[in-house]
Amino acid sequence: MRLLSVMIAAVVCGIVLTSSVACASEDCRKLVMEGRFEEAVRECTAEIGSGKLPKDALAEHYSWRAYARLGEGSAQKAMEDFDRAIELDAKNDISYLGRGQISEMKKDYEAARADLSKAIEINPGNAAALAHRGTISYVEGRYEEAVVDLGRAVELDPKNARALSFRGNAYAALNNHHKAIDDYTRALELNPKEFLSLLGRGLLRKKLRRYEEALADYNRLIDIAPGFWQAYQGRADIYAATKGYGRAIEDLSVAIKIEPARAMLYSQRGLMYVFNKRPDKAEGDLSKAIELSPMSSGLRVARGALYKEMGRLDDSVADLKKALELTPGQLAAMMLLARVESLRKDTSEACRWLNAAYGKGDVRNVRPVISEKDFDNIRESECYRKFVER
């Protein structure tokens, strides 16, 4: 509740500075901004029921009561108040902003965008509305639009760390890594605990192989938000990239305790167990990942590859054929099947899968096939010689 109070106070403070409507009574507004939502609802309700407020002031009181109700967690009642405020005053940008925020929380982005755009039309200086519309554009993958709106929000409110963070995300999605890192860094200068900026900057630094800097970001992130599983998963990626497989396993184990139903974490830890020469542990994790995500052909290929290395060739074939049922024509599965069938000395099947991979158009160079020991069992066969001749 404290976090929600702070968020709403931050929004309404921005509105007071930029809104085109008159101010509500000091008591009603002040209580909302202080996060005293229950008292604010009572005060706003009393003033609304007094019958003394002119139409525009009445509309604003409905808006403030709506924010108080939102702070209490009553989104539906808040929406009703925002609707009433807009009926009374169609030029009330505060109400369009609030109603847009509720639609955004409900992931009704079309309705949210319409209300936020109306708020901006009424008051082009509404930085909060610009920031929220920019965030929605980012979520929807409209990255260039996100950069524009979030940029305008930052110009109007240079201390808006959240807007800087999301603009950093948009720049990152556009592969403008340096601008993204600059935005994340500015956001963190304003708010050292802006964990989304730490996550974003850590991801980019990792991508750019600036591992020490990335590790510092993830360490700070874990200190700030120890229950944030993405921080442990990101740090595990850095340990994996620097061959610290044991430490990667430790971090992924923490992430799994926090988020035990995420297949990706088990598959990643399974891979770390492979590198750490623990195939038994790897099998357990990959099997758990498949249990959580049974339609993933990639996980079947991964476990099929593990079974091949363990010498469990029948199990490998079963997984790879299942992968091809899920994703017909998958090159990795077909090539691995060819290798496993060769190891099983099933010449016709090995050649069939080699030709299938070649026929898909993805295999152009047969030299890797010629050099692989996996195909030693079929080299003297007629079908293999025909494949090489192709």
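## Salt bridges within and between helices

Glutamate 121 has a relative accessibility of 57% and therefore counts as exposed. Its salt-bridge partner is lysine 118, with N and O 3.6 Å apart. Lysine 118 counts as partly exposed because its relative accessibility is 26%. Both residues belong to helix α7 (residues 109-122), where glutamate 121 and lysine 118 are three residues apart, about one turn of the helix. The model described here is a predicted one.

A search of the whole structure gives 39 salt bridges. One of them joins arginine 69 to aspartate 81, with the closest N and O atoms 3.0 Å apart. This pair connects distant parts of the chain, since arginine 69 sits in helix α4 (residues 55-72) and aspartate 81 in helix α5 (residues 75-88), 12 residues apart. Both arginine 69 and aspartate 81 are buried.

Arginine 269 counts as buried because its relative accessibility is 14%. Aspartate 285 is likewise buried, with a relative accessible area of 5%; the cut-off for a buried residue is under 20%.

The C-alpha atom of aspartate 285 is separated by 39 Å from that of glutamate 144, and the two residues are 141 residues apart along the chain. Glutamate 144 is part of helix α9 (residues 143-156). With a relative accessible area of 61%, glutamate 144 is exposed.

## A network of charged residues

Some salt bridges are connected to one another. A network of salt bridges links Arg201, Arg205, Arg210, Glu213 and Asp217.

## The second largest pocket

What is the volume of the second largest pocket? The space in the second largest pocket is about 310 Å³. Its lining consists of 17 residues, and those nearest the centre of the pocket are Tyr138, Asn169, Leu199, Gly200 and Leu203.

Three helices, α10 (161-173), α12 (195-207) and α14 (229-241), each contribute at least two residues to this lining. Helix α12 provides the largest share, five residues. By residue class, the lining of the second largest pocket contains 12 nonpolar residues, five polar residues and no charged residues.

## Tryptophan 229 in helix α14

Helix α14 includes tryptophan 229. Tryptophan 229 has a relative accessible area of 10% and is therefore buried. Between the C-alpha atoms of tryptophan 229 and serine 253 there are 9.9 Å, while the two residues are 24 residues apart along the chain.

## A nonpolar surface patch

Which residues form a nonpolar patch on the surface? The patch is made up of Leu271, Val274 and Phe275, and together these residues have about 250 Å² of accessible area. Valine 274 lies in helix α16 (residues 263-275). Valine 274 counts as partly exposed because its relative accessibility is 35%.

## Positive phi values in two loops

Most residues other than glycine have a negative phi. Asparagine 175 has a positive phi, near 65°, although this residue is not glycine. Asparagine 175 is located in the loop between α10 and α11 (177-190). With a relative accessibility of 55%, asparagine 175 counts as exposed.

Lysine 243 is another residue that is not a glycine and has a positive phi, of about 65°. Lysine 243 is located in the loop between α14 and α15 (245-258). The relative accessible area of lysine 243 is 65%, and this residue is therefore exposed.

How values were computed:
Residues numbered from 1 in each chain as written. Predicted model: local features only at pLDDT ≥ 70, side-chain atom pairs only at ≥ 80, totals over all residues. Heavy atoms only, no water. 1 Å grid on protein atoms, 1.4 Å probe; cavity = no way out; pocket = protein on both sides within 12 Å on 5 of 7 lines; lining within 4 Å. Points joined across faces, edges and corners; volume = space filled by probe spheres on them. Helix = DSSP H or I, 4+ residues; strand = E, 2+ residues; numbered from the N terminus. Nonpolar A, V, L, I, M, F, W, Y, C, P; charged D, E, K, R; others polar. Patch = residues over 30% accessible without salt bridge, like charges linked within 9 Å, V, L, I, M, F, W, Y side chains within 5 Å. Areas by Shrake-Rupley, 256 points an atom, 1.4 Å probe, with all protein chains shown as cover. Salt bridge = Lys/Arg side-chain N within 4 Å of Asp/Glu carboxyl O. Buried < 20%, exposed > 50% of the residue type's maximum accessible area, 1.4 Å probe, protein only.
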